[in-house]
Amino acid sequence: MANWRLAAVAALFFVGASARRAGLAGAAQGRWLLNFVFNIGLPILIFGALTGVPLAREHALLPVTAIGISLAGWAVAAFAARRFGMPRTGEGAMVLCAMSINNSMIYPFAALSLGAAAFSQLVMFDMGHAILVWTVTTVAACKYGGHSDDIPVLLRRTLSAPPLWMLFVALGLNVGGAPIPKEWLHAILLVGQATILLVPLAMGLLVSAQGLRRAEVWTAVVLRSGFGALVGLALGWLFGLTGTAAAIAVVGGAAPIGFTAVVLSSREGLDLDLAATAAAISVFFGSLWIPLAMALIK
């Protein structure tokens with residue numbers, strides 16, 4: 001039954017892609033769904049996942065692991081782009097693809113496979129990556145695009161994001177031992193997990209296949225998932241992570257390319273065709289392997 005539920009969540013991606021192909025919905029609706037999840041669903045999920053669980057060393061090490069994976073991706077993507085002789089805008093797009101981890105694709109499957117404690121570890125991994133995206137990755141995108149004047153505006157906008165502040169609230173209540181009934185937290189977590197199910201549907205609405213013949217596109221996909229998984233494995237071993245925490249480091253490191261890479265590439269005038277095509281391919285394959293990975297973790 002659990003495997004069938006995982007398959008049903010994966011099918012939502014193809015439902016979205018089919019709806020776009022049939023003209024029933026499109027990228028505008030996909031962006032609206034992602035904005036809803038980011039501003040409403042993700043804060044609810046963070047509050048329910050982190051407020052009541054006992055914090056362990058994994059909750060501190062997994063965010064550092066996510067940051068290490070993204071920074072290592074930046075270095076190897078910049079090297080690969082220069083080997084291809086790509087212009088600065090192309091190098092910037094490849095760097096963003098390697099740095100942007102689409103953990104939102106993992107959430108719906110993890111909600112069906114992981115217990116509350118393990119799920120909270122995945123949330124902390126995601127928050128480490130998110131803080132890097134909202135700061136270092138944003139600055140890198142502006143630098144590659146030659147728009148350094150955008151940096152203060154973008155940083156003010158991203159640092160006011162609801163998920164970031166909800167992270168601080170949840171951790172503060174947890175550390176302070178706030179007397180919140182566990183039944184309430186469990187219900188809040190279920191609502192957040194249900195909202196996250198909109199993510200694969202939104203991804204399907206956003207995907208369009210172009211530029212499939214470019215070697216740079218496939219290199220970006222391999223760097224994000226293949227190289228990312230290896231770095232996650234190495235950092236998990238280095239930090240002494242075991243069990244589910246070690247698996248989260250590897251699966252999170254192998255996650256598809258985040259659509260942050262597409263948004264920032266578009267805004268900063270980078271190689272949008274590379275970023276959008278690589279993200280589409282990465283998300284498509286992610287919808288196939290992530291359910292299998294989560295079933296194995298369980």
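1. A cavity, as the word is used here, is a set of grid points among the protein atoms where a 1.4 Å probe fits but cannot get out. The model under review is a predicted one, and it holds one cavity of 30 Å³ or more. The space in this largest cavity comes to about 40 Å³.

2. Helix α12 gives the most, with four residues. Sorted by class, the lining of the largest cavity has eight nonpolar residues, one polar residue and no charged ones.

3. G253 belongs to helix α12 and is buried, its relative accessibility being 0%. From the C-alpha of G253 to that of H129 is 10 Å, although 124 residues separate the two along the chain. L272 sits in helix α14 and is partly exposed, with a relative accessibility of 35%. Between the C-alpha atoms of L272 and V231 the separation is 26 Å, for a distance of 41 residues along the chain.

4. The second largest pocket is the next item. It contains about 230 Å³ of space and is lined by 14 residues. Those nearest its centre are G48, V53, A116, H186 and L189. The elements giving two or more residues to the lining of this pocket are α2 (27-50) and α9 (182-196).

5. Which element gives the most to the lining of the second largest pocket? Helix α9 does, with six residues. By class, the lining of this pocket has eight nonpolar, five polar and one charged residues. For the reader's own comparison, the lining of the largest cavity has eight nonpolar, one polar and no charged residues.

6. Helix α6 covers residues 116-145, which is 30 residues. From its first C-alpha to its last, α6 reaches 41 Å, close to the 44 Å expected at 1.5 Å a residue. The helix is bent by about 45° at V133. Just after α6 comes G146, which has a positive phi of about 75°.

7. Is α6 largely enclosed or largely open? Of its 30 residues, 23 are buried, so α6 is largely enclosed by the rest of the structure.

8. On charge pairing, the structure holds one salt bridge. The partners are E91 and R82, whose closest N and O atoms are 3.1 Å apart. A salt bridge requires a side-chain nitrogen of Lys or Arg within 4 Å of a carboxyl oxygen of Asp or Glu, so the E91 and R82 pair, at 3.1 Å, qualifies. In general, side chains of opposite charge can pair when their charged atoms come close.

Notes. Residues numbered from 1 in each chain as written. Predicted model: local features only at pLDDT ≥ 70, side-chain atom pairs only at ≥ 80, totals over all residues. Heavy atoms only, no water. Expected span 1.5 Å × (residues − 1). Bend = angle between axes of the 7 residues up to and from the residue. Buried < 20%, exposed > 50% of the residue type's maximum accessible area, 1.4 Å probe, protein only. 1 Å grid on protein atoms, 1.4 Å probe; cavity = no way out; pocket = protein on both sides within 12 Å on 5 of 7 lines; lining within 4 Å. Points joined across faces, edges and corners; volume = space filled by probe spheres on them. Nonpolar A, V, L, I, M, F, W, Y, C, P; charged D, E, K, R; others polar.
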